[in-house]
Amino acid sequence: MSKLGILIKQLYKQKVRAKSFMLMTLLYVAIIGVIMFWSDIKGIFVNEEALEVALINETPVELESIFLTNEDIAFSFPADSKESVYNQLKEEKYDAVVVVTEENETLTADIATYSPLKLNDQSTISSFVQYAGKIYGIQQLNLTASEADKILNSEAIITTTNLNEAVADGKSEDQKQSGIWASYFVGIVIYFFIMAFLSMITTDVASEKGSRALEMLLVSVKPSTHFQSKIIGITLLALTQFTIIFGFLFVLLRFSDGGEKWDMIQTILNELSYSYVFYVLAFLFLTIILFLIIGALFGSLVSKVEEASQVMTPAIMTALVGFYVMISGVANPDTLLIKVFSYIPLTSGMVMPMRIGATDISTIEPIISLVLLIITVIVFYIISLSFYKRSVLTYSSGGVIQKIKTVLKVTT
Amino acid sequence: MTLTLEHVVKKYKDFTAVNGLNFTIGRGEIFGLIGQNGAGKTTTFRMILDLQDQTSGTITWDGTPIKKINRDYLGYLPEERGIFPQMKVEEQLLFFGELRGMKRDELKKEIDFWIARFDLEEKRHEKAETLSKGNQQKVQLIASFIHKPQFLILDEPFSGLDPVNRDLLKNAILLLKDKGVTILFSSHQMDNVEELCDHLCLLKRGVSLFSGSLLDLKKQYGKTKLTLRTNVPLNELEKLAGVKGVKVDRDEYVLTLVDETFAESIFEVVSNGQYIEKFSLDYLSLDEIFKDKVGGNVE
């Protein structure tokens, strides 16, 4: 086995057997499981009874059929007087009383409670009342039931045609929605990878340097070999963790609820083009490599492992900015902020997939962003390697800038 | 197989760490590189190991530039201990051995031999971080030569070791020498250097003050250290011809002579034809020469 292979094997074995790695992987798996089965888990611990709501209809129109009981709210229509129902509310036989009246040909409703309602319950009752208000308005026009239904449920058929040939064919809303969710997911994956593995590579190099094991290693291997072993080893470790997590996720999606959730995911995946998948994988891989290069370089700057978190801060802040910009794109992926950050190499991996998936972007823009990212990875690799050779055996104190200055001072 | 340094210079922006260093170490020789902290010893080691580039000069191994030789020919024990704290002792030695091109089967035999020799059998399957400082040093020392290097650099190998372990280490170094390994080492404990080295180089602020055999260095000063146990009072000893200074060391006097030719006349005076318990004329110890060369005068 080559020296590079031995170093990678040692790093991989050491890390994959570490309790912290196992616990972290289990934690991710547990979090995913909890999210996926939240409603079932909630059902075990919280036995929520349906909200008891009394409706007093003081209008001449029949509205009772609109207020349909479901698992969250049970509507009843008492024939008692309003005062009597209010008394029952005070006795907490009801959670809320909705009194519907007519005022200037408009439906008005008063929601009376004795104990405050939860926001979610308030919103649900309000939407029932709003819908009843629409029905009431339509009925005032003396329309037939089918006419009223047509008005309420008719939707315009929208198609898009772009006459500019330079721009790719416009995406449907479904495609854009799928693009948003897929890109959101990719952004989260990149962000979590950076947070976990940037820290891992930085502290690993820093601890080898701090314990002087690095000096022993560099006698028999070149700094470039050591640098490469760290990047490849940690990438393999990340792939292992991802395989476990996504394998678990796949099994859950595929076999829980009769595959219902998997069908939903497939619907989203079917809306995504091959080019989108290619770009996502390319941005994902290159961004991860870029941050690992930076992590290894930063690790080589510190004198002891305790200083690792200090040097990592700039990279973590950059990733955080990219993540929040990507989050802002879920609401509106067409802003100037998103456009600018989709070209910055350290953030483009999180932001550009959003633009590709959720906007009608021209073909050339992702290519430019990807080329910029590739060039940055190459340039960072060359610079980092040259710097790494000089910094791994230089010990200094102070902040990142001071450390860089010291390395340059004693090695040039 | 010899290591040769010729006119080696290492300059940084605002200071020169090593300035015009020359020495040669022959096969199977133990060579000491001594000097105060910051004298340039570690920088010299790093240049030999190709961990740093020299500004000028040449470093060759058997005529081949050191950069071009197989790195597995070299072994290195850094001044500060450098092992993987989380790795078990045997695992650690296997890793370093394999990294330097040794086959696993052959390695296991070597590991068995050295672990037994250094009395580490019980610690074999323990993590390095759980070992005492001395045992960690022993593990690292084994790691530095487990791959049977031709040339071994030991930077302060004795620091922190108790007398028993120091002897174990000395014996191991001598065994390696017998096997033909060329050893370059530094130590602040001059008695160790004196005991082990055939040749040495004395550095001061990057400049070589002396390079050659230990005996030649001692001959530069001559046999000027006279130790005696006598009833002659101190003030009389100080007045004797050829005596530069007298120091009382418990029940003995240590006289520093101008040169060894005065010894005979001093013997006549202090013995006065009678029995004398102790009269010993010696070279200066390396420790005294070091202090004189590097730090000031011998008292």
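**The interface between chain B and chain A**

In this predicted model, the side chains of B:E91 and A:R17 form a salt bridge, with an N to O distance of 3.9 Å.

Several elements of chain B build the side that touches chain A. At least two residues each are supplied by β6 (74–77), α2 (89–99) and α4 (133–145) of chain B. Of these, α2(B) provides the largest share, with five residues. By residue class, the side of chain B that touches chain A comprises 13 nonpolar, ten charged and three polar residues.

The extent of the interface can be described by residues and by area. Contacts join 26 residues of chain B to 23 residues of chain A. Between them, the two chains bury about 2,400 Å², and carbon and sulfur atoms account for 60% of that area. Within chain B, the residues that lose the most area to chain A are B:R71, B:F84 and B:L99, which together make up 24% of what that side buries.

Chain B also carries a record annotation. An unreviewed UniProt entry places the feature "domain: ABC transporter" at residues 3–230 of chain B. That span is 34% helix and 29% strand, and its end C-alpha atoms are 49 Å apart.

Note on methods:
Residues numbered from 1 in each chain as written. Chains lettered and ligands numbered in written order. Predicted model: local features only at pLDDT ≥ 70, side-chain atom pairs only at ≥ 80, totals over all residues. Heavy atoms only, no water. Contact = heavy atoms within 4.5 Å. Buried area = accessible area lost by both parts, 1.4 Å probe. Salt bridge = Lys/Arg side-chain N within 4 Å of Asp/Glu carboxyl O. Helix = DSSP H or I, 4+ residues; strand = E, 2+ residues; numbered from the N terminus. Nonpolar A, V, L, I, M, F, W, Y, C, P; charged D, E, K, R; others polar. UniProt positions renumbered as here; feature names shortened; annotations may be inferred.
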